[in-house]
Each structure stands twice: as C-alpha cells, then as structure tokens.
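Visitor: I would like to learn how to read a model of this kind, one feature at a time. Where should we begin?

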Amino acid sequence: MSGISIVVDSSEFGDVFRKLRPLLDFEAEELMSAIGALGESQTRRRIEEEKTSPDGAAWKPNNAGTSILVDSGQHLLYSIAWRADASEAEWGSTWEYAHVHQDGMTIIPKNAKALVFEMGGKTIRAKSVTIPARPFVGLSAENRQEIVDLVTDMFGALQ
C-alpha cells in the first residue's frame, strides 16, 4: 500500500511542555492584582510628584500657590485604591468629590448671592468658582510601558 504518512515523535515535546506548564498554571488574579497595585502607585505618584495629566499636560497652578491636589486636603490622595479579580484590575478614587478634580467644575451658590470662603487668611466672596480639570486617573505612555514591563517580567519569571 502506498500513500503518505506523518509520524510525530513526542519524545522531544518534554522540554516544550515543561516551558508551557507555568503558563498553563498561571494565576490571572495574581497578575491583575499586580497591575492594580501598580496603577494605584502610578496615580499616587502623579498626584504627589508629577503634577501632570496622563497625557503629559502640566496642571494649572492653584491660587494659593501650594502643592496642587495635596496641601489643601488629603482626601483625594488617601482615597486612591485598587481592586482586582481574575479578569480585570481597576484603580481610582473612592472620594465622592474626586470627579471635580478629574473633570473640572464651576461651582455656583445654591441659596445665596455669592460663595464665601477663606483663602490665605482672607475672606473671599465670589459669584462662582471654576476649578480646572486636573486629570489624575489615566495611563500615560510611560504608565503603559510600566504595565507591559510588569506583565513581561511576570511571564518571564514563570519560565
């Protein structure tokens, strides 16, 4: 009988299976947790040190001349948190007013003719106050590369 046959010798697959085993036994939640923790760290660094949006734009200075998003209260910085499971990682702020800083907002009085507040030891009256957007949650190109490096390192360590 003539024909074509293929013979597969599996004796040399041992090395391949040994290299693939860590990937097959990979714990996705561990990776997602590492990514979430890194994202939180990147966001805290942006607030405390970098003072730039994820796209690299510098934040507008505040009128008090203090450290932006830090000196006037610790609510934002202390609210940065992450969570992860086997399918996703997320991080951001749990503070109810964080969106004001992320997106910006104009504040107007509800029941008075003017807003009244203290700044620099002076009483200020204003018909409105505009808080500029100072995005702190997001991924810069450097942040993305840090995540790629983390994933690459984690998979490299498995082999």
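Guide: Let us begin with the naming of elements: helices (H or I, at least four residues) and strands (E, at least two) are DSSP runs, numbered from the N terminus. By that naming, Lys51 is found in the loop between H2 and helix H3 (75–78). Please keep in mind that this is a predicted model, in which local features need pLDDT of at least 70 and side-chain atom pairs count only at pLDDT 80 or more, while totals for chains, interfaces and linings use all residues. Residues are numbered from 1 along each chain as its sequence is written, and side-chain values use heavy atoms, with hydrogens and water left out.

Visitor: Is Lys51 buried or exposed?

Guide: The word buried means under 20% relative accessible area, exposed means over 50%, and partly exposed lies in between (1.4 Å probe, protein chains only). Lys51 has 16% relative accessibility and therefore counts as buried, and Leu69, at 8%, counts as buried as well.

Visitor: How does one check the length of helix H2?

Guide: The expected span of a helix is 1.5 Å times one less than its number of residues. Helix H2 (residues 28–50) has 23 residues and should therefore span 33 Å, and its end C-alpha atoms are 31 Å apart, which agrees. The buried residues of H2 include Leu31, Ile35, Gln42 and Arg46.

Visitor: Which residues does Asn143 touch?

Guide: Contact means heavy atoms within 4.5 Å. Asn143, whose place is in helix H5, touches Gln42, Arg45, Arg46 and Gly138, not counting residues up to four places away in sequence. Asn143 is buried, with a relative accessible area of 1%.

Visitor: How many salt bridges are there?

Guide: A salt bridge is a side-chain nitrogen of Lys or Arg within 4 Å of a carboxyl oxygen of Asp or Glu, and by this rule the count comes to 7. In one of them the side chains of Glu142 and Arg45 meet, at 4.0 Å from N to O. That pair links distant parts of the chain, with Glu142 in helix H5 and Arg45 in helix H2, 97 residues apart. Glu142 counts as exposed at 51% relative accessibility, whereas Arg45 is partly exposed, with 21%. Arg45, Glu50, Glu142 and Glu146 are linked in a network of salt bridges.

Visitor: Which residue forms a salt bridge with Glu88?

Guide: The partner of Glu88 is Arg83, the closest N and O atoms being 2.6 Å apart. Arg83 also meets Asp85 in a salt bridge, at 3.8 Å from N to O. Arg83 is partly exposed, with a relative accessible area of 37%.

Visitor: How many aromatic pairs does a search of the whole structure find?

Guide: Rings of Phe, Tyr and Trp (its six-membered ring) pair if their centres lie within 6.5 Å, and planes under 30 degrees apart count as stacked, over 60 as edge-to-face and the rest as tilted. The search finds 1 aromatic pair. The rings of Trp95 and Tyr97 have their centres 5.8 Å apart and their planes at 80°, so the pair is edge-to-face. Trp95 counts as partly exposed at 23% relative accessibility, and Tyr97 is partly exposed at 44%.
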